Amino acid sequence: MATSSSLGTLIAKSRSILSTTNPAASFATTAAAGASKPKPLPKKPAAPKRAASASASSGEKPARGILKLVPVSAQLGKFLGAEEASRPFAVKKVWEHIKLNNLQDAKSKRLIHCDEKLKTIFDGKDSVEFLEVSRLLSQHFRKAVV
């Protein structure tokens with residue numbers, strides 16, 4: 001049989017072995033030892049801001065591409081209430097009119113029933129599919145003379 005002194009020695013040795021192999025125990029010993037967190041790296045200074053260009057300081061940049069205001073036909077001009085419009089603006093106003101007057105078919109949302117106002121810009125058609133809207137509107141935009 002083991003003596004009480006040798007038993008105490010065995011218990012002490014097993015505790016020291018367990019504390020070194022147990023991650024929780026090793027964390028507890030390092031936390032108790034006062035280990036500090038690593039310090040965060042200093043932030044980089046902000047990049048210098050670019051000076052505004054001359055055209056931006058005098059006003060907005062001129063619209064290009066589909067955002068450019070172009071003359072429209074008399075029918076579309078009457079519908080929009082303007083002689084010039086951009087393509088996205090015209091499509092937006094047409095869709096607002098469709099939604100406001102509930103002109104989409106209830107079963108097939110792709111189908112739009114034209115009222116008298118829409119018939120003037122959609123070649124007198126009674127109904128159009130939504131993919132036709134931009135094609136039918138494109139004939140109302142005049143090509144800009146360069």
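**View 1. Buried residues in the chain.** Of the 146 residues in the chain of this predicted model, 18% are buried (buried: under 20% relative accessible area; exposed: over 50%; partly exposed: in between; 1.4 Å probe, protein chains only). The chain exposes about 11900 Å², and carbon and sulfur atoms supply 60% of this area (Shrake-Rupley method with a 1.4 Å probe; for residues, only the protein chains shown count as cover).

**View 2. Helices and strands.** The chain has seven helices and four strands (DSSP runs numbered from the N terminus: H or I of at least four residues for helices, E of at least two for strands). Their pattern along the sequence is α-α-α-β-α-β-α-β-α-β-α.

**View 3. The largest nonpolar core.** This core has 20residues, and L76, V94, L118, I121, F122 and L137 touch the most other members (core: buried Ala, Val, Leu, Ile, Met, Phe, Trp, Tyr and Cys residues joined through side-chain atoms within 4.5 Å). At least two core residues come from each of α4 (74–80), α5 (87–100), α6 (116–121) and α7 (132–138).

**View 4. Surroundings of F122.** Leaving out residues up to four places away in sequence, F122 touches V94, C114, V128, V133, L136 and L137 (contact: heavy atoms within 4.5 Å).

**View 5. Residue I11.** I11 lies in helix α1 (residues 4–21). I11 is partly exposed because its relative accessible area is 39%.

**Notes.** Residues are numbered from 1 along each chain as its sequence is written, and side-chain values use heavy atoms, without hydrogens and water. The model is predicted: local features need pLDDT of at least 70, side-chain atom pairs count only at pLDDT 80 or more, and totals for chains, interfaces and linings use all residues.
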